[in-house]
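Subject: Structure handover

Hello,

Here is the structure you will be working with. Please open it and keep it beside you while you read.

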Amino acid sequence: MATRPSPKEPVTVPAEIQTRLEAAGLRRTLATRAVLGLFLANPQGTLSHAQALASLQTRGLDINRVTLYRLLERLAACGVLQRQTDDDARTWRFRLADLSEDGTAPRFECDACHRQFRLASASEPARAVADELMRTLAGMGHRGLRLDMAVHGTCADCADPAGSPATEPRP
């Protein structure tokens, strides 16, 4: 029988993440370590605010929902997490940022299980598209800060054996 992790157990924070936390002035509080632990345990996964709150409460951490929302936003602002829209659920989803990517690598997101897969081999063509889009914006007088490229669909694990998309999200 597996024991459930305690929020008080130490979370090993990678040096790149620690550097970003320090640069943003974020302290490694119990809540910060617990939230980072959720995302470090499943680097390809995404969580909504409600899912993160439920996971933390299941692990025994009593955290205010507003405090969690602000923490998720701060972690996204300093580049530790990335935030994207889940149009179907009409909410935000957060994922661990790939600190090695330059922001132009496209990704594939499964709309059933919300796992994401970085499409590293498409980075160079994607960079060319991103540069062209930024030049177009600049020509219009706009200042683009970042570009989020994602392809949505159903991953191989969620597709049924006949090849059609699964109708229910995988747990």
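Residues are numbered from 1 along each chain as its sequence is written, and side-chain values use heavy atoms, without hydrogens and water.

**Confidence**

pLDDT is the predictor's confidence in each residue, from 0 to 100. The protein chain averages 79. At least 70 is reached by 81% of the residues. Helix α3 (residues 49–58) has the highest confidence, at 94. Strand β5 (residues 116–118) has the lowest, at a mean of 76. (Helices are DSSP runs of H or I with at least four residues; strands are runs of E with at least two; both are numbered from the N terminus.)

Two stretches need care. Residues 1–5 stay under 50. They have three contacts beyond four places in sequence. Contact means heavy atoms within 4.5 Å. Residues 165–171 also stay under 50, with 12 such contacts. Where pLDDT is low, the predicted coordinates should not be read in detail.

**The sheet**

Three strands form an open sheet in the order β1-β3-β2, with antiparallel pairing. Two strands pair if DSSP finds at least two bridges between them. β1 (46–48) and β2 (81–86) are the edge strands, each with a single partner, so one side of each has no neighbour in the sheet. β2 and β3 (residues 91–96) pair over six bridges. One detail to look up: Gln84 has Arg93 in β3 as its bridge partner.

**Helices on the sheet**

α2 lies across β1, β2 and β3. It runs at about 75 degrees to β3. (Axes are lines fitted to C-alpha atoms, for helices over the stretch in contact; angles run from 0 to 180 degrees between N-to-C directions.) α3 packs on the sheet too, touching β1 and β3. Its direction makes about 95 degrees with that of β1.

**Helix against helix**

How do α2 (residues 30–41) and α4 (residues 65–77) cross, and at what angle? Their axes come within 11 Å and cross at roughly 65 degrees. That makes α2 roughly perpendicular to α4 (65 to 115 degrees counts as such). On the α2 side, the residues in contact are Ala31, Thr32, Val35, Leu36 and Phe39. They meet Leu68, Leu71, Leu72 and Leu75 in α4.

Best wishes

Note on methods. Predicted model: local features only at pLDDT ≥ 70, side-chain atom pairs only at ≥ 80, totals over all residues. Parallel < 35°, antiparallel > 145°, perpendicular 65-115°, else oblique.
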